[in-house]
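Thanks for coming, everyone. Please take a look at the model on the screen, and then I will walk you through it.

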Amino acid sequence: MDRLPLLVGPDPRRRLGAVQNRRNAAFAGIAAAGVALGVAEVVAILTGATTSPLVSVGGVVIDSVPASVKDFAVSVFYTYDKIALQVGTLLILAVFAAAVGVAATRRMVFGYAGIGLFALVGAVAALTRHAAPWYAFVPTLVGAAAGAAVLHWLLVRPPVETYDERRFFLRAAGGTLAAAFVVGLTARWWATRRGVEADRAAVQIPPVPDTATPLPPEADAGLPDLAPFVTPNKDFYLIDTTLVVPQVSSEDWTLRIHGRVERPLTLTFEQLLKRPMIERYVTLACVSNDVGGGLIGNAKWQGVRIADLLDEVRPKAGADQVVSRSVDGWTAGTPTAVLRDGRDAMLAIAMNGEPLPIEHGFPVRMVVPGLYGYVSATKWLAELELSSFADFDAYWINRGWAREGPIKTQSRIDTPRDGGNPAAGQVMIAGVAWAQHRGISKVEVRVDDGPWQEAKLAAVPSIDTWRQWTLPWTATRGKHRLTVRATDNGGDTQTDAVAPPDPDGATGWHSVQVDVR
């Protein structure tokens, strides 16, 4: 039987007997990396989920990729883009770990060096994240030590002489990897279970005298496949840059309003709840939403007017930007004038009659009608800093997006679906249109190259929400293309010029292809 005549380390009596080929060595490297990550996740239960090397390195990647890459990820993976990132990171790590295992068959020090490089990257990433504690490197360090021990155990063994011994190696490596996978997933699950859901459930939403305008009965057509006027919390779109949802208790939460103001202010959650509140229906939209996309939702929000707080702190001359900062360091820059022009911009504490869901920013987030989320909808809010656009560029502005993000007039066909096969005869075409803080005055639909037909508009409580529309159509057999366009209350009709989301929102007309049977 052939055996690798390679020595491991300084001891010539120890041989890599268990490793019969490069495949086994690579497998050993992957198993060691799995243990390193699994152990790191366990330690991160104590040090904080953001100190996990997988989370911290992923965060660095998210903060570093160009806007075009981000757009591609959202268009391909939709709201699962961060899951795709973590899977991709694991695959890259697996390739690196396999190379480390193979390198260790030449000299074990090469394997230790590879694990050391893993530890260095993870530790630096963890220590450089926003508000990272000094001990943020500990999970990576402990995980790397465990990984090195497993690599040593798998590779530095007496020579393998029998088939059973080779099978033992594969079982040992495979079992170690499987155990690491289970331990890592369990640790991540446990870390999320130790969140603030109980604290959120205990929050008592105060009564609000300035309630939202009651919904007209005809606000929602109630058609199958048509987006409901009010989006349930569980269905509301989720787009952010965090890999781990921040867990902020209401007791620990504070808001600091500072910068170029005459009277800086700090508020606790209890103090915020005692302030006058408003309740409004507001539609939020993500700038990454493609024409006809689903990164938009409408909800009933309750909170404190931002304008009231700004009046209290008295912004100084030239403070034309309010920088909102999340607990994880993400920033958005909102024009100060927009927040004080009379629109119902608020610090929201409730969504559809219940405390904010944790993933939607509990305990406090910003809601600003008429602006895309990247310049206004900061979740897990921690600071409002009065600054200027000349002095500071927020998160997405540094990545090439437009400084001001007014939502563009858009419309969407919800039913029939693209590729649908409705029966010939009477078919109801329906969808939604939006132009927040301007309102929708008209929606038109075109069948194939025919004339534009005006749709019936549903009632709305305000100009800050989307608007359902319907149009009955006598469908004939065959393939047809349905196209929609909307006009806002200012008389501006959405353009047919096709543009991607980057840098200030997608444009174009939404259309669907149907084959009437």
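How many cavities of 30 Å³ or more does a search of the whole structure find? The search finds three. Keep in mind that this is a predicted model.

A quick word on the idea. Rolling a probe the size of a water molecule over the atoms shows where empty space is left.

Start with the largest cavity. Its volume is about 100 Å³. The lining of the largest cavity has 13 residues. Nearest the centre of that cavity lie G29, A32, A33, A97 and I115. Which elements give two or more residues to this lining? They are α1, residues 22-47, then α4, then α5, residues 108-127, and α6, residues 138-155. The lining of the largest cavity holds ten nonpolar residues, three polar ones and no charged ones.

Next, the second largest cavity. About 80 Å³ of space lies there. Find its lining on your screens: A285, C286, N289, D290, V291, G292, Y372, Q410, W434 and A506. By class, that makes six nonpolar, three polar and one charged.

Which element gives the most? That is α3, with six residues. The lining of the second largest pocket divides into 23 nonpolar, six polar and seven charged residues.

Now a sheet. Strands of a sheet pair through backbone hydrogen bonds, either parallel or antiparallel. Here, five strands form an open sheet with mixed pairing. Read the order with me: β4-β3-β12-β7-β8. Which strands stand at the edges? They are β4, residues 265-268, and β8, residues 331-335. Each of them has a single partner strand, so one side of each is left without a neighbour in the sheet. Neighbouring strands of this sheet are turned by 15 degrees against each other on average, direction ignored.

Something packs on this sheet too. Helix α10, residues 306-313, touches β3, β4, β7 and β12. Its direction makes about 140 degrees with that of β4.

Let us zoom in on β3, residues 254-259. Its pairing with β4 is antiparallel, and four bridges join the two. Take two examples. I257 has L265 in β4 as its bridge partner. L255 has L267 in β4. How many residues does the hairpin from β3 to β4 run through? It runs through five.

β3 also pairs with β12. That pairing is in the parallel sense, over four bridges. Within it, R256 stands opposite E383 in β12.

Last topic: the backbone. Two peptide bonds deserve a look. The bond from F362 to P363 is cis, with omega near 10 degrees. Look for P363 in the loop between β10, residues 354-355, and β11, residues 365-367. T415 and P416 are also joined by a cis peptide bond, and omega there is about 0 degrees. P416 lies in the loop between β13, residues 410-415, and β14, residues 425-434.

Then come two aspartates. D225 has a phi near 75 degrees, a positive value in a residue other than glycine. Where does D225 sit? In the loop between α8, residues 197-202, and β3. D225 is partly exposed, with a relative accessible area of 45%.

D448 has a positive phi as well, of about 55 degrees, and it is not a glycine. Its place is the loop between β15, residues 440-447, and β16, residues 452-454. At 30% relative accessibility, D448 counts as partly exposed.

That is the tour. Questions, please.

Definitions and conventions: Residues numbered from 1 in each chain as written. Predicted model: local features only at pLDDT ≥ 70, side-chain atom pairs only at ≥ 80, totals over all residues. Heavy atoms only, no water. Nonpolar A, V, L, I, M, F, W, Y, C, P; charged D, E, K, R; others polar. Pairing = 2+ DSSP bridges. Axes fitted to C-alpha atoms, helices over the stretch in contact; angles between N-to-C directions. Contact = heavy atoms within 4.5 Å. 1 Å grid on protein atoms, 1.4 Å probe; cavity = no way out; pocket = protein on both sides within 12 Å on 5 of 7 lines; lining within 4 Å. Points joined across faces, edges and corners; volume = space filled by probe spheres on them. Buried < 20%, exposed > 50% of the residue type's maximum accessible area, 1.4 Å probe, protein only.
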